[in-house]
2 protein chains.
Amino acid sequence: MTRYQLEVRVVPRTGLLDPPGKAIHHALHSLGYLGVEDVRVGKTIFLQIDAPSGREARGRAEEMCRKLLSNPVTEDYEVSVLGEGEVQDGTDS
Amino acid sequence: MTRYQLEVRVVPRTGLLDPPGKAIHHALHSLGYLGVEDVRVGKTIFLQIDAPSGREARGRAEEMCRKLLSNPVTEDYEVSVLGEGEVQDGTDS
């Protein structure tokens, strides 16, 4: 079993409303940043998954996206495997 | 003046508490994903900035990070220029 470091990016689907992006856009204009457009906000989730292979770790992360991490109607997700290491016994953060 | 597409990543500083990460970690365990550890959640902000050069666009984005987009005590940020295009008159999204 190997511990994989993964990055999951969840972004609002293009063309859909993005209220946090609108709020940041508005706040930047208020601060005097006028040449700023099309602000969109997504989440990046970093996590470690113990799995027999990187392919399996990525598959589990994609399943987590469908079940919990993303809203399938309004968001798109993308999973990347960043690295791998040994599983250390007794770790539970 | 060129319009630059930038990506700003804001992540909780390593070693500091990350309550959204803890909540996702807990929810994943509840769903049966036991081999998941060290979940951390950051934001990714995509924005377009009109500037005379990519260097200038990046500098403005870094200033926005210090003033608004990140919490300087608890978060780190990273700015990347993804691409560039012509400024079109009359656009204001």
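A residue is called buried here when its relative accessible area is under 20%, and exposed when that value is over 50%. By that criterion, A:A57, A:A61, A:M64, A:C65 and A:L69 are buried in helix α2 of chain A. The model is a predicted one.

**Helix α2 of chain A**

- Between its end C-alpha atoms α2(A) spans only 19 Å, whereas a straight helix of 16 residues would span 22 Å at 1.5 Å a residue.

**Contact of α2(A) with α1(B)**

- The axes of α2 (residues 54-69) of chain A and α1 (residues 19-30) of chain B come within 11 Å and cross at roughly 105°.
- Angles of 65 to 115 degrees count as roughly perpendicular, and α2(A) is therefore roughly perpendicular to α1(B).
- On the α2(A) side the contact is made by A:M64, A:L68 and A:L69, and on the α1(B) side by B:I24, B:A27 and B:L28.
- This contact has 6 nonpolar residues, with no polar and no charged ones.
- A:M64 and A:L69 are among the buried residues of α2(A) and also take part in the contact with α1(B).

**Contact of α1(A) with α2(B)**

- The axes of α1 (residues 19-30) of chain A and α2 (residues 54-69) of chain B come within 11 Å, with a crossing angle of roughly 100°.
- The two helices are therefore roughly perpendicular to each other.
- A:I24, A:A27 and A:L28 of α1(A) meet B:M64, B:L68 and B:L69 of α2(B) in this contact.
- By class, the contact of α1(A) with α2(B) has 6 nonpolar, no polar and no charged residues.

**Helix α2 of chain B**

- B:G54, B:A57, B:A61, B:M64, B:C65 and B:L69 are buried in α2(B).
- These residues cover an arc of only 105° around the axis, which puts them on the same side of α2(B).
- B:R55, B:R66 and B:K67 are exposed on the other side of α2(B).
- The cover over the buried residues of α2(B) includes α1 and β2 (36-51) of chain A, along with β1 (2-12), β2 (36-51) and β3 (75-86) of chain B.

Terms used. Residues are numbered from 1 along each chain as its sequence is written. Chains are lettered from A and ligands numbered from 1 in the order in which they are written. This is a predicted model: local features need pLDDT of at least 70, side-chain atom pairs count only at pLDDT 80 or more; totals for chains, interfaces and linings use all residues. Side-chain values use heavy atoms; hydrogens and water are left out. Axes are lines fitted to C-alpha atoms, for helices over the stretch in contact, and angles run from 0 to 180 degrees between N-to-C directions. Helices (H or I, at least four residues) and strands (E, at least two) are DSSP runs, numbered from the N terminus. Angles under 35 degrees count as roughly parallel, over 145 as roughly antiparallel, 65 to 115 as roughly perpendicular and the rest as oblique. Contact means heavy atoms within 4.5 Å. Ala, Val, Leu, Ile, Met, Phe, Trp, Tyr, Cys and Pro count as nonpolar, Asp, Glu, Lys and Arg as charged, and the others, Gly among them, as polar. Buried means under 20% relative accessible area, exposed over 50%, partly exposed in between (1.4 Å probe, protein chains only). The arc is that of the directions from the helix axis to the C-beta atoms. The expected span of a helix is 1.5 Å times one less than its number of residues.
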